[in-house]
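Biologist: Please take a close look at one part of this model for me. I would like to know where it sits and what lies around it.

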Protein chains: 2
Amino acid sequence: MPLLLLKDLPRYECLLEAAKSFPDLDPSASEVFLNLLRTGDEVFRVADHNLARHEISQGRFTVLMLLLDKMENCPQPRTPAELADMAGVARATMTGLIDTLERDGLVKREPNPEDRRMMSVALTPKGETLIRSVLPDHFKIMAALMSQLSEAERKTLVRLLNKIVQQATNLSPGTVVAPDVATAAPV
Amino acid sequence: MPLLLLKDLPRYECLLEAAKSFPDLDPSASEVFLNLLRTGDEVFRVADHNLARHEISQGRFTVLMLLLDKMENCPQPRTPAELADMAGVARATMTGLIDTLERDGLVKREPNPEDRRMMSVALTPKGETLIRSVLPDHFKIMAALMSQLSEAERKTLVRLLNKIVQQATNLSPGTVVAPDVATAAPV
DNA sequence: CGCTTTTAGTTAGGCCCCTAACTATAGACC
DNA sequence: GGTCTATAGTTAGGGGCCTAACTAAAAGCG
């Protein structure tokens, strides 16, 4: 839904050509980058389109999934802050999500009597019914999307993706990618 | 920036456990799915964070890149409709992007004298200066993100991603993933 | 106890993204 | 020529995402 990046990926030859005028451009790295964003976007759209048939978005789906406590063995978030952390969004974003979910009667907020700063969020019966009705199709979608990959290929893919995530988290705190970035001329 | 999906990915064992109560759940497929979205999101954030230092977003960056005609050999979009198609967004979205880019003096709209329904969009000198100032860092970011992958791994990754994209585009038109989807009980 | 810092959550404002509906022009066909 | 359809672009309205600023409660500390 979100990404917006070159639906028609530039041809690889074009990247190689462009590399001549941009010394920093690494053609194969750019190719992976673009394909990764594009694939993520495409997969996201397919899953989201299915969820939309049940009138919920990815964000709402994620919140409901996190609150579904019948998933044994998984730690159970209860507060907006925990939900935001696990979903990887800002707390203000989670406030908005819970607002609309509560408006639609899918979750319920209750104040925590022990710490009056905190809220406790829980699924309503209606919310649980909805999320359970969506899950089978969602699982089928995921299985269908990956159906062309062997088990070995899936393992390889996850391993390579994790290498990138690792690198991304290394890069994200400082965000300084090269010495000259800090001293680059202001625009 | 956009995705929102389980920053802390559920443990694989948890998926296996959950598979017992959800027959449609394919654990390895779900694992790939979640890792793919998470990696795409993480990579997107890193790139976006860098672009933000130059006061532009991914969407704006993409539009400016598409308009930068010094990339030889690449077809040159000129109208909002072409830009929208190549960027993979709705035309209304492109209208909004061009609105803000024009407001900031980075692009310019001009009516097409031959077909008065059409507009022609072009970079201003200010826009070209900006995009050129951003590119070196952006290329470095992409290279850094992929620096842990060998050339062979990059090829493998692109190949596997393309398998998924292929499957996603197969699935997207009909979106019916299994026979019982159409006949599922309404919620 | 009172003051400061920290933490939970919300509010305010903005951008990106969508679909649906609308305006205006162009093209096709009688 | 006049209508009917198709196309380009915009507008309207909504959701999700963000950061920054705010309120309220808790916790640390003299």
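Modeller: Start with the loop between helix 2 and helix 3 of chain A, where E55(A) lies. This is a predicted model. Phi of E55(A) is near 65°, a positive value in a residue other than glycine. E55(A) has 11 C-beta neighbours inside 10 Å, so it counts as exposed. Chain B has its own E55(B), in the loop between helix 2 and helix 3 (58–67) of that chain. Phi of E55(B) is also positive, near 65°. E55(B) is exposed, because 11 other C-beta atoms lie within 10 Å.

Now step into helix 3 of chain A, residues 58–67. Nine of its ten residues are buried, so this helix is largely enclosed by the rest of the structure. Being buried takes 20 or more other C-beta atoms within 10 Å.

Chain A has eight helices and two strands. From the N terminus, its elements run α-α-α-α-α-β-β-α-α-α. Of its 187 residues, 37% are buried. Take the contacts in chain A with a separation of 6 or more: 48% of them join residues 24 or more positions apart.

Helix 2 turns up again in the largest nonpolar core. That core holds 44 residues, and those touching the most other members are F33(A), V43(A), L145(A), F33(B), V43(B) and L145(B). Helix 2, helix 6 and helix 7 (151–171) of chain A each give two or more residues to this core, as do helix 2 (27–53), helix 6 (125–145) and helix 7 (151–171) of chain B. In soluble globular proteins, nonpolar side chains tend to be buried together. Take L145(B) as an example. Leaving out residues up to four places away in sequence, L145(B) touches F33(A), I164(A), Q167(A), A168(A) and L171(A) in chain A. In chain B, L145(B) touches V43(B) and V46(B).

For contrast, look at P111(B), in strand 1 (residues 107–111) of chain B. P111(B) counts as exposed, because it has 11 C-beta neighbours inside 10 Å. Beyond its neighbours within four places in sequence, P111(B) is in contact with R116(B) and M119(B).

Definitions and conventions. Residues are numbered from 1 along each chain as its sequence is written. Chains are lettered from A and ligands numbered from 1 in the order in which they are written. This is a predicted model: local features need pLDDT of at least 70, side-chain atom pairs count only at pLDDT 80 or more; totals for chains, interfaces and linings use all residues. A residue is buried if 20 or more other C-beta atoms lie within 10 Å of its own, exposed if 12 or fewer, and partly exposed in between; C-beta atoms are placed from the backbone. Helices (H or I, at least four residues) and strands (E, at least two) are DSSP runs, numbered from the N terminus. Two residues are in contact if their C-beta atoms, placed from the backbone, lie within 7 Å. A nonpolar core is a set of buried Ala, Val, Leu, Ile, Met, Phe, Trp, Tyr and Cys residues joined through C-beta atoms within 7 Å.
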